[in-house]
Amino acid sequence: MKYAKTLTDFILEEERNFKEATGSFSLLMLYIEQAAKVIASHVGRSGLVDIIGASGYKNQSNDDVQKLDIFANTALTESIRASKQAGLIASEEMESALITNEKNAKYAVFFDPLDGSSNIDVNISIGTIFSIYRMNERALQKGIKQIAAGYIIYGPSIMFVYTCENKVHGFTYDPSIGSFLLSHENIRTPEKGNIYSINEAYYNTFPQYIQKYVQYAKKTDMKLRYVGSMVSDVHRTLLKGGVFMYPQDTRSPDGKLRLMYEVNPMALIMQNAGGMAVCESSSPLLIQPTHLHERQPLLIGSTQNVKDILSFI
Ligand code: P6P
């Protein structure tokens with residue numbers, strides 16, 4: 001039997017490739033991995049324990065907060081705090097960033113603890129998205145400054161996908177041993193795919209170039225797939241190619257997705273896998289954020305598919 005490399009092995013091996021590494025980044029990643037296992041365990045049992053269903057709270061984006069959101073936020077916040085490697089911790093579920101006052105902490109972590117949580121009660125895949133920066137006197141940095149980004153998708157299988165140093169790797173969870181095993185080394189997204197992903201219910205409110213693209217797609221052999229859970233839609237796009245779109249529209253002029261902990265981490269992952277991400281017509285990674293929970297429109301996926309959309313502008 002071939003030795004299956006665990007995420008922990010991989011992170012520690014990567015650290016050995018950087019002579020100046022102090023182990024701080026590896027430690028942070030291992031604590032994020034641990035939180036992912038805890039969240040995965042609860043998501044898998046969400047129908048069985050009394051943490052299902054809306055909590056009655058609203059988050060900063062005025063979304064109904066499901067109890068599992070709160071659990072996931074606590075699990076990630078406390079695990080990252082316990083790592084002692086983060087000076088700043090920010091979450092979709094927290095109005096403002098947490099300053100840990102951890103002396104010499106080198107990293108700032110932004111995350112959406114449980115994205116797509118409206119799908120929990122109907123057993124549709126959901127996910128955690130995270131983004132890591134070096135601490136800087138400016139709390140909100142451009143996405144191009146991310147040193148790592150990743151997501152965990154809680155689906156038929158649980159996967160941990162992350163990018164660091166321009167490569168994207170995927171690890172699949174083996175619950176029998178409690179480890180994420182390397183299953184998708186150096187993920188490259190196809191140059192072009194035949195799946196487009198968008199909530200067509202809002203068609204009448206889309207910008208004209210998006211409407212033109214949707215009409216064009218319907219005349220080709222393209223398929224429409226839309227889960228309504230960003231991590232699921234982006235993960236499928238990453239592996240199979242095509243394009244996921246959450247554009248601005250007349251109802252939400254900035255779109256719905258949040259720049260710091262949804263758009264930018266996914267944009268870095270897709271770009272490092274050879275794909276492309278744009279907010280209207282330029283990279284989200286170049287936007288100087290002005291607010292922790294700011295939203296940005298997003299087109300993300302295979303380079304050729306994104307370029308096809310931009311050709312309609
Ligand atoms: P709509 C989930 O609530 C989420 O934030 C993303 O995961 C998902 O892509 C999007 O909203 C779905 O939004 O308007 O299509 O229901």
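This is a predicted model: local features need pLDDT of at least 70, side-chain atom pairs count only at pLDDT 80 or more; totals for chains, interfaces and linings use all residues.
**Stop 1: H1 and H2**

Select residues 7-16, which form helix H1, and residues 24-44, which form helix H2. The axes of these two helices come within 10 Å and cross at roughly 165°. Angles over 145 degrees count as roughly antiparallel, so H1 and H2 are roughly antiparallel to each other. Their crossing is right-handed.

Now show the side chains where the two helices meet. On H1, pick Leu 7, Thr 8, Ile 11, Leu 12 and Glu 15. Facing them on H2 are Ser 26, Met 29, Leu 30 and Glu 33. Colour this contact by class and you will find five nonpolar, two polar and two charged residues.

**Stop 2: H2 and H3**

H2 passes H3 in a right-handed crossing.

- From H2, select Leu 27, Leu 28, Tyr 31, Ile 32, Gln 34, Ala 35, Val 38, Ile 39, His 42 and Val 43.
- From H3, select Leu 68, Phe 71, Ala 72, Ala 75, Leu 76, Ser 79, Ile 80, Ala 82 and Ser 83.

How do the residues of this contact divide by class? There are 15 nonpolar and four polar residues, and no charged ones.

**Stop 3: H5 and H6**

Next, select helix H5, residues 230-240, together with helix H6, residues 259-272. Their axes are 11 Å apart, and the packing angle is about 15°. Since angles under 35 degrees count as roughly parallel, H5 and H6 are therefore roughly parallel to each other. The crossing of this pair is right-handed.

For the side chains, show Met 230, Val 231, Val 234, Thr 237 and Leu 238 in H5. They meet Glu 262, Val 263, Met 266, Ile 269 and Met 270 in H6. The contact of H5 with H6 holds eight nonpolar residues, one polar and one charged.

**Stop 4: the largest pocket**

To find the largest pocket, select Phe 25, Arg 134, Ile 147, Cys 164 and Glu 165, the lining residues that lie nearest its centre. The whole lining has 25 residues, and the pocket holds about 540 Å³ of space.

Which elements give two or more residues to this lining? They are H1, H2, strand S8 (158-164) and H6. Show H2 again here: the largest share of the lining, four residues, comes from H2.

Finally, colour the lining by class. Its residues divide into 11 nonpolar, eight polar and six charged.

Conventions: Residues are numbered from 1 along each chain as its sequence is written. Side-chain values use heavy atoms; hydrogens and water are left out. Axes are lines fitted to C-alpha atoms, for helices over the stretch in contact, and angles run from 0 to 180 degrees between N-to-C directions. Angles under 35 degrees count as roughly parallel, over 145 as roughly antiparallel, 65 to 115 as roughly perpendicular and the rest as oblique. A crossing is left-handed if the near helix is turned anticlockwise from the far one by less than a right angle, and right-handed if clockwise. Contact means heavy atoms within 4.5 Å. Ala, Val, Leu, Ile, Met, Phe, Trp, Tyr, Cys and Pro count as nonpolar, Asp, Glu, Lys and Arg as charged, and the others, Gly among them, as polar. On a 1 Å grid over the protein atoms alone, a cavity is a set of points where a 1.4 Å probe fits but cannot get out, and a pocket is an open set with protein on both sides within 12 Å along at least five of seven lines; lining residues have an atom within 4 Å of a point. Grid points are joined across faces, edges and corners, and a volume is the space filled by probe spheres set on the points.
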